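This briefing covers strand pairing and a few residue contacts. Please look at the model before reading the points below.

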Amino acid sequence: MRMLSKIVVSAGLVSLSTAVALAAEKPRPPYPHYWVSVATMNQSIPGMSEEMSGMASMFGGRGAGFGPRRTLQLQVEGPREVAEPKAEHLIPPGQKMGESLPLITPKQEKAEYQPEQRGEQPEKYEKPKARMLIYWGCGETVAKGQPRVIDTARMSAMDFGKALSGRSGTRQIPPSPRKGWTYGDWPNSEDKKDVPKDASLVGEHQLKGSYLPDIRFSLDQKRDFMAPVSFSAISKTASGAWPFKWQQVPTAIGYFATAMGHNQKTGETIFWSSSEVPETGFGLMDYLTPHDVQRFIKEKVLMPTSRTSCTIPAGVFKDVDGAMLQFVAYGEELNLVHPPKPKDPKQPWNPQWSVKVRLKSTGSSPLVEAEERGSRPSKKRPAADDGAEQEQQPSDNKKGGGMMDGLKGMFGF
């Protein structure tokens with residue numbers, strides 16, 4: 001019986017070893033990954049025409065960027081290094097950016113070694129001083145239990161981080177330079193042309209290069225540039241609430257809004273989000289997967305596309321020196337792997353390449369009252385007699401609280 005038991009145990013171990021060996025399949029060889037990040041951005045002021053937006057952009061200089069614009073980011077990585085990496089993305093005619101876009105491999109610059117200077121004392125760490133008020137939810141009045149107060153003077157760094165943390169989507173790691181791989185991107189040092197306002201991605205696309213197989217895919221209307229976020233109305237009520245409306249973005253699958261302001265008198269920074277549950281929203285203004293969007297809609301964090309209006313409750317931005325509203329519309333995502341994964345798990349599968357196309361449309365606008373939006377500098381303004389008066393003029397304008405002064409404060413120019 002003992003001998004029989006040993007034989008059974010040995011047979012079981014052999015079977016187990018065989019099963020483990022079969023389960024431990026050979027790892028699939030690495031393959032190229034290509035990411036296409038498609039964004040539409042619209043920094044605007046409600047009631048301002050495109051012509052006025054252009055004028056505001058001139059006032060603001062390089063950083064203002066008023067009006068809708070489209071951006072595109074292309075990133076590819078191949079699992080081998082080549083002496084002279086070359087890659088290009090052949091684009092459809094409707095994109096109106098030529099026949100192709102070059103994906104350039106950035107040059108790796110060696111960091112210069114700088115020895116530490118002797119005698120220098122290490123900088124003393126000073127705990128940041130900040131007091132933040134967190135509000136959430138659409139409505140005329142602030143709901144009970146708000147605001148949530150975050151005060152660095154009364155909490156540790158760990159507690160501060162936990163208080164600010166909120167929901168975030170599935171971690172997305174786009175292609176990037178790494179050892180043993182070749183990386184290329186656009187825009188780059190050699191080509192950084194603007195995307196035309198009427199560009200379209202619909203059609204056939206092809207990616208080819210010295211470190212890549214031939215990658216072909218097509219995009220439909222759902223994966224084209226999304227319509228810009230356009231606020232049809234933003235106005236402050238007598239009670240101090242800020243109702244705002246937006247036009248539906250046809251290809252959106254979910255919405256989210258957030259706003260921020262600062263009270264100079266109290267030193268408090270105020271955050272508000274459209275979420276129905278407590279949420280800072282810091283991790284939700286970027287690309288989200290469709291699965292995350294649907295999950296957050298069910299959790300009442302994001303707004304469904306049936307919504308076209310929301311109200312920032314009265315009192316949230318009381319006595320605030322300017323506040324900024326930000327809005328994001330999430331788009332569909334395309335994920336391709338070639339060849340597709342077989343339905344039969346026993347059938348071998350060796351992917352040759354993958355493509356991800358992700359989309360979003362964002363909009364922002366200062367919360368400016370109607371009389372400030374409509375203010376205009378006087379055409380009969382007397383000319384200054386000397387330089388001293390010219391230097392004093394800006395401080396006099398600030399007293400008036402005109403539209404352009406508000407813009408300067410909000411956008412930092």
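Glu88 has Lys208 in S8 as its bridge partner. Glu88 also stands opposite Pro102 in S4. This is a predicted model, in which local features need pLDDT of at least 70, side-chain atom pairs count only at pLDDT 80 or more, and totals for chains, interfaces and linings use all residues. Residues are numbered from 1 along each chain as its sequence is written, and side-chain values use heavy atoms, with hydrogens and water left out.

**Strand S3 and its partners**
- S3 and S8 run antiparallel and are joined by four bridges; strands pair if DSSP finds at least two bridges between them.
- S3 also runs antiparallel to strand S4 (residues 100–102), with three bridges; strands are DSSP runs (E, at least two residues), numbered from the N terminus.

**Gly203**
- Gly203 lies in strand S8 (residues 203–209).
- Pro92 is 111 residues from Gly203 in sequence, but their C-alpha atoms are 5.6 Å apart.
- Leaving out residues up to four places away in sequence, Gly203 touches Pro92, Phe217, Ser218 and Leu219; contact means heavy atoms within 4.5 Å.

**The S10-S11-S14 sheet**
- Three strands make an open, antiparallel sheet in the order S10-S11-S14.
- Strand S10 (231–234) and strand S14 (309–312) are the edge strands, each pairing on one side only.
- Three bridges pair S10 with strand S11 (residues 242–246) in the antiparallel sense, and Phe231 stands opposite Trp246 in S11.
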